[in-house]
Amino acid sequence: TVQTGFSFHDEAEASAELPPAVAAFLAAGDAPIVFTLGSAAVYLAGDFYAEAARAAALLGRRALLLIGKNLPPANLPPSILAWDYLPYAQVFPRAAAIVHQGGVGTTAQALRAGRPMAIVPFAHDQFDNAARVTRGGAGRTVARTRCTAQNLARALTALLADPRTAPAAAEAAARVRAEPATEATADALERVLA
């Protein structure tokens with residue numbers, strides 16, 4: 001087995017233009033907190049997005065909710081935008097912080113973006129991914145059973161105030177971006193075939 005780097009699946013979308021409403025929202029103020037549940041946990045969202053919107057309001061922060069096919073929370077203020085899907089490679093680097101479920105793809109994208117993250121694990125490898133990010137200093141973990149607006153706001157406040165978090169996230173991003181995945185894969189294949 002040769003670990004060559006992470007396979008990012010939205011590279012083709014990374015250079016596409018964002019929808020005008022999203023581009024206008026991102027340009028209209030401070031970097032938002034991005035809330036997403038990836039490609040699987042989004043189907044089990046429950047009240048995650050409503051709590052996320054309330055947390056952003058408690059913090060007085062702008063937020064971008066990537067809600068999949070879920071209905072957006074009612075009565076969102078102009079400081080919170082709900083959208084079905086956007087390429088993470090385009091929106092994560094523009095976030096103040098990222099709140100997500102800890103899936104391997106979402107975690108890799110958040111690490112590559114170099115933004116602090118709060119992880120709310122739902123299942124499978126997400127607990128381990130969250131623990132690793134937390135140990136590495138780039139994020140904090142919020143238990144799903146304790147994922148309330150108050151707890152999210154508390155975790156985000158601590159995350160954004162901790163002077164160690166941003167450098168740890170930037171260091172992780174530098175490591176992920178330096179991975180020569182394509183070249184290393186080709187080299188490994190050539191060694192096997194030689």
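Which residue lies over the face of F25? That residue is R62, at 4.2 Å from the ring centre; a charge counts as over a ring when NZ of Lys or CZ of Arg is within 6 Å of the ring centre and within 35 degrees of the ring normal.

## About the model

This is a predicted model, in which local features need pLDDT of at least 70 and side-chain atom pairs count only at pLDDT 80 or more, while totals for chains, interfaces and linings use all residues. Residues are numbered from 1 along each chain as its sequence is written, and side-chain values use heavy atoms, leaving out hydrogens and water.

## Aromatic pairs

Rings of Phe, Tyr and Trp (its six-membered ring) pair if their centres lie within 6.5 Å, with planes under 30 degrees apart counted as stacked, over 60 as edge-to-face and the rest as tilted. The count by this rule is three aromatic pairs. One of them joins F48 and Y49 edge-to-face, at 5.1 Å centre to centre and 85° between the planes. Both of these residues are buried, that is, under 20% relative accessible area with a 1.4 Å probe and protein chains only.

Y88 and F92 are stacked, because their ring centres are 4.3 Å apart and their planes at 10°. Y88 is buried at a relative accessible area of 11%, and F92 is buried at 0%.

## Around V99

Now to V99: beyond its neighbours within four places in sequence, V99 is in contact (heavy atoms within 4.5 Å) with residues including F35, F48, L152 and L156. In helix α6, L152 and L156 are among the buried residues.

Terms used
Buried means under 20% relative accessible area, exposed over 50%, partly exposed in between (1.4 Å probe, protein chains only). Helices (H or I, at least four residues) and strands (E, at least two) are DSSP runs, numbered from the N terminus.
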